[in-house]
Amino acid sequence: MDKLAIVILNWNGAKMLQQYLPNVLQYSRDEATVYVADNASTDISLELLYTRFREECRVIELDKNWGFAEGYNKALQKIDAEYYLLLNSDIEVTHHWLTPLIELMDSHPEVAACQPKLLSIFDRDRFEYAGASGGYLDRYGYPFCRGRIFDTVERDEGQYDNRQDVLWATGAALMIRAKDYWEAGGLDARFFAHNEEIDLCWRLRIRGRRVCCVPDSYVYHVGGGTLPKSNPMKTFLNFRNNLTMLYKCLPDSELKHVMRVRWFLDYLAAWEMLLLKRNWGDFRAVFRARRAFKRWRKDFEQDRRQIQASRCIDHIPEQRSFSLLWQYYAKGRKHFSDLP
């Protein structure tokens, strides 16, 4: 059994593996076993792994592209470890980056998951969009981070260097106890990609488990994922999965109100994409996402009942009670430290 298994999920990412895997191996192999799970790549990824990295990491070959969520579920089923660390292939790690994470998990059994501080590989003094220094949600399901609100990404000046409980840890570098991962149900494979780590961490918090950011560990992230930022499929997945996550995780006392407000806000966002940005693809993607959520919502009724039955906390403080849209656009509060 491994103490810590670092698991990199790869799909046609030979270039990223060639560039960043040596760095991960250099700074991680003394404290962890490194696995690369390949989602049936059609590029030279497997050839590269078996020729250049055969002695240094273990390879898990999956039979098709299962996406981010189910790809990790399939891979982790094959690994016996106390802790998993889900790591994107476009991450550059740093010397002793694992030590603070392991020490926190070893000394705080009530912590289910944690993340390092995420910085941009292109501007190393600036946070990276995907997780910055730990994530939160507003009342209506909009995610934000210490160091990033919507498209405003702050410079890292040590302002968020304290260890902090958060609602969600980034899937780009997510350390989680194997026991907690499986007891909470793992990543929701139906999401395929986007919002799946937020959904998982929210379920952990509902169960009374803690999620933390450990900024004394830091890594650098290329970011952007497998889809460019302005991409209709990414827009579709983000809207559909976010609505599904809200349906699963919101308490009964909030669900109807939040869903009514989101109906209005989602269509407002769609028309803004069309009228101000002339983006027909994203405009249509929001409408498709709303329809898709309506069609498959009934498939999550049992999930919702189980999640609500597991609830140990009535109020999760990391899910804030304000509207992030109002704070950002009406109040002009662009930084995390400005929020109420």
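The second largest pocket in this predicted model is lined by 13 residues. Nearest its centre lie Ala184, Gly185, Arg203, Asp303 and Ile307. The space inside comes to about 220 Å³. Helix α10, residues 301-309, gives the largest share of the lining, with three residues. The lining can also be sorted by residue type, as the table shows.

| Lining type, second largest pocket | Residues |
|---|---|
| Nonpolar | two |
| Polar | four |
| Charged | seven |

Arg203 leads on to another element. Just after α6 comes Gly208, with a positive phi of about 90°.

Now turn to Tyr160. It sits in the loop between β10 (152-153) and β11 (164-165). Is Tyr160 buried or exposed? Its relative accessible area is 4%, and the cut-off for buried is under 20%, so Tyr160 counts as buried.

What does Tyr160 touch, leaving aside residues up to four places away in sequence? Its contacts are Phe127, Ser133, Arg146, Gly147, Glu154, Pro215, Phe336 and Ser337. With Glu154 there is also a polar contact, side chain to side chain, at 3.0 Å. Lys117 is 43 residues from Tyr160 in sequence, yet their C-alpha atoms are 9.1 Å apart in space.

Note on methods
Residues numbered from 1 in each chain as written. Predicted model: local features only at pLDDT ≥ 70, side-chain atom pairs only at ≥ 80, totals over all residues. Heavy atoms only, no water. 1 Å grid on protein atoms, 1.4 Å probe; cavity = no way out; pocket = protein on both sides within 12 Å on 5 of 7 lines; lining within 4 Å. Points joined across faces, edges and corners; volume = space filled by probe spheres on them. Helix = DSSP H or I, 4+ residues; strand = E, 2+ residues; numbered from the N terminus. Nonpolar A, V, L, I, M, F, W, Y, C, P; charged D, E, K, R; others polar. Buried < 20%, exposed > 50% of the residue type's maximum accessible area, 1.4 Å probe, protein only. Contact = heavy atoms within 4.5 Å. Polar contact = N/O pair within 3.5 Å; in protein donor to acceptor, adjacent residues only side chain to side chain.
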